[in-house]
Each structure stands twice: as C-alpha cells, then as structure tokens.
Amino acid sequence: MVGVGGGYTPDFEGAKRSMLSPVPIFSIRRAGATEQFRGPRDGASIALIDFGDLRAGPVGKFVAARKANSYSELNGLGDVNAAVELGGFVEYFPVDWFRTRAEMRQGLGGHHGVVADFSADIIVPVIQRFTISAGPRFTWESTKATSPYFGVDAVQAAASGLPAFNAKGGAHSVGAGAQVSYRVDPQWEVHSYIEYDRLLGDAAASPLVTLRGSANQTTIGMGASYSFDVKIR
Amino acid sequence: MRTPRVSLATVLVAVSVSACAMFETRETKLQAVKTVGIISAVGDEITFATGGLTGLNNRSQSFPIGSWGLDDLIVQQATAALNGRFQVQPVTYERDAFATVEKDSIVTPVNVIRGDPFKKLVQTQVSPQGLDAYIVITKAKSNFGGGSRKVEGIGFLTYGTVLESYNQVHALYEIRVFDGKTFDVIEKMTAPPLDDVGVVRLAGPSRTIDESFTPSAGNPAQNEKLHAAITDLVARSLSTTLSDMHLADVR
C-alpha cells in the first residue's frame, strides 16, 4: 500500500506552535493477508507471535532530530540527534471492535532511555465502508528518554535564559485519539485522525514547556492510500 | 572507484541469472509432468462466524457438510480443467488427515522455515504413488475485519455495523502442486477473490448474500440455497485459480 498524507504536528515535543508537514504512507503485507486496524501512533511492527486475537513482536519508531536553530524557543538548548527506538509490542482484541496495545522501546541515538506507550481503541464500523475509532493513550518514559528533550543544564540555562531543570522520568503524557476512515473502493481509502496529549510530570514542568511552550499537544492528520497486489512468480 | 561498479554489476547479473534459473526450474518441472492425481480436502464443514460490531461472545460454530460432496465436485471440476494438459488419474487418500493438518504455527517465523505441512501426507497417505505430480487442494485462512481473527475454508460470515449487517459466504482454499518423486512443492497459490467481492474483504472467493440464505434453526447442511451458493463460489473460482497457476489453459 502506498499513499500520502499531511500532519499538523507540534514543532517539537512541548511546543506551542504546530506545523503542517507531508507524511508518506507505505506498508507491505503478505499475499492473501487483509489489511488490519492500525492506530496513528503505532510504531512500525511485525507480529512474530499470532494467536489471532493476541499478537506480539518487534516494533520500531523513528524520532526526528531536534535542531536548536530551527525554532527560537530552543535557542541555547543545543541539538538532540535523531533517535531510533526499538523494542516489542503486544496487542489484544478481546472482540473485533476493541483493541488494546502496548509498546516498549529502547532509544538509540538521540536518547538512550525507555519509552512505553499504552493505547486502547474502540473500532466502530458505521457502514460497510466507513469506520470510526477512538480511545485513550498513556505514555511512560524513563529519565534517559525525558532528559535530552526537557532538561536544561547549567550551560544551556546560561545560553538560553531558561532556569536550569533536571528532568526525571515517569508518567509522560496522557491523552486520547480518534480516527475515521472511508474506503472509496477496494483500492482507495481516505482517512483522518486527531491525537491529543497532555504532558505530565517533569515533561510538563520543564521551563521549556512552562515558559515557552505548552503541555497541550495536538496532532491532526489526513491522507489517502492505494492498495495493490504485486505478483512475483 | 571502478571496483564498486563492477561489484554492483556482478551482483545484478547474478541475481538476474538466479531469478531466471528459479523460474525456469518451475516451468521445466511443470512441463515434464504428464500424470497427476488430485486430492481435495476443503468441504468437510462449514463455519459460522460473526465480525464487526458483535456481542461479547463471538466464537465461531462449525457444522459438518460432508453430505454436500464438495470435495468430489472439486476433484471432478479440476479433472475436467486439467485433462487437456495432463493425464489425471484417480487417487485414494485419507481426506480427514488432509483436512485437519495444522498448517500455521503461532510463531510466524516457524511457518517460513519449516517444510510444507502436506509433504509427508502426500508421501504416506496417497495411493498410488509414482505419478509425476499430485495436486493438493486444501483449506486456506483469511483475516477479516480490522482485527486478527481468521476464517478458514467454507464459511458463513455475518458482519455487523451500526446501521446494518451483512451476510457473506466464502470458500477459501489453496492449491499446491507436489513433485511426485521429490515431493517438493512445485507451485502453490491461494484462490484469489472473485470480481464480485463481498462486503468484508477476504483473501479468497466470497460473495454477499441476502437474508434468505440465513439458515434457520437446525442443520445448515439441509439448507439447499446455502449449498448452491457455496457450490457456485467453488465452481467459478477453481478454473480461474488453475488458470492463474498455468495448469489449465482456459478460464
């Protein structure tokens, strides 16, 4: 499946302003397999254990670099390199219309902490082509995952004018998300989503957020995708 | 600076040659096949499943439909489709053994690295041995809805939405061609969806049906309308699939 979408996302995590950016859509599934529900915040994953209603396997996520010179709010805070987060996921469908999912990932590169995402979605087919889904979200992060983005050391404090702050890990955010999708025909599908997070703990208490940003983080996205078969004989 | 170019070209040539070699091997093997036996183990039971907006209990129910003679029909139709190219010979086999073999491990990489689950059955349960190839037609699985639940073989699916619900029948099967001497799989294909695909996208032949097909209380095997709908699905999809596998010349 290939497609393109647009996401209106915060400039950086904790930012007050948002920016529209293109998002490519690409997924591969085994011949004969049908498309399955996927949440906007799910990492890229593959199920190595599949009981039908319970699936588990590796997951990965890319976190873009945060360049201090890209946004005035970050002046003096230094760059944070791009990170790749690798780990595992487990998801469970007690019934067709309800999914729970957990991901735990270890950061490499820009941060070396642990991130755990928890989500639940009620999936409601309104008519045969139109589906709505929505549910709560929660994220926990270790100190090593929080500190590079929300901590302010003495040097950064002097350079940025923000007070020094030692950001520790813990409950990172809580929120909710909703998604609608409409299948135009067997090949084309359009979708749209909104995800809201309220930063918690030291992420919310960071001077970067309290003085220059916002604890309320909203992402809006939409896109269109086209599914097709490729036969390799 | 030239070395990487040479290496890349060498790799591309090697990949191209090996791809051609694989293709030729399969085609060559099929061209050498004269006598075939056909095994079908698809139609022992029909499963009733619910999807979409369901109650909390969405367990499937299965009923025997051996009296419909679907497997005999499949063998007859496949024989008619293949007779122009191959000499089809009758074979005897333990149908239940083929129908109940566990094809998929819950640990998905195991499915990739382990051998074909039907290989040993073709070697030990089919008589006579010594034909050039054996064509084995067995149940296939498909996910349905947004989740990971699967339906298999012959079935009746009721899919609920907020505004209405839909009924759909399916006949999901896959076809393997085994080499009669090495018992390696020469060719394998899952029957693809038909053009008039049902409401719920399944990875195989299915069609939407109206309420009149819904079996009332009692044995679904007695429902002639359901029987006719399933037979039609199998008949329309079988020749197409055999043709897609280059086993039958005409659709």
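## The contact between chains A and B

The contact draws 30 residues from chain B and 26 residues from chain A, two residues being in contact if their C-beta atoms, placed from the backbone, lie within 7 Å. On the side of chain B that touches chain A, strand E2 (45-52), helix H4 (108-113) and strand E8 (141-143) each supply at least two residues. By class, that side has 14 nonpolar, 13 polar and 3 charged residues, where Ala, Val, Leu, Ile, Met, Phe, Trp, Tyr, Cys and Pro count as nonpolar, Asp, Glu, Lys and Arg as charged, and the others, Gly among them, as polar.

This is a predicted model, in which local features need pLDDT of at least 70 and side-chain atom pairs count only at pLDDT 80 or more, while totals for chains, interfaces and linings use all residues. Residues are numbered from 1 along each chain as its sequence is written, and chains are lettered from A and ligands numbered from 1 in the order in which they are written.

## The open sheet of chain B

Helices (H or I, at least four residues) and strands (E, at least two) are DSSP runs numbered from the N terminus, and two strands pair if DSSP finds at least two bridges between them. In chain B, 5 strands form an open sheet of mixed pairing, in the order E4-E1-E7-E12-E13. Its edge strands, E4 (87-89) and E13, each pair on one side only, and the twist averages 25° from one strand to the next.

Strands E12 (residues 173-179) and E13 (residues 185-190) of chain B pair in the antiparallel sense over 5 bridges, and B:Val177 has B:Glu187 in E13(B) as its bridge partner. The two strands form a hairpin with 5 residues between them, and in the turn B:Phe183 has a positive phi of about 60°.

## Helix H6 of chain B

Helix H6 (residues 224-244) of chain B has 21 residues, which at 1.5 Å a residue should span 30 Å, and the end C-alpha atoms are 30 Å apart, in agreement; the expected span is 1.5 Å times one less than the number of residues. The buried residues of H6(B) pack against H2 (70-82), E10 (154-160), E11 (165-171), E12, E13 and E14 (206-209) of chain B. After H6(B) comes B:His246, whose phi is positive, near 65°.

Terms used: Axes are lines fitted to C-alpha atoms, for helices over the stretch in contact, and angles run from 0 to 180 degrees between N-to-C directions.
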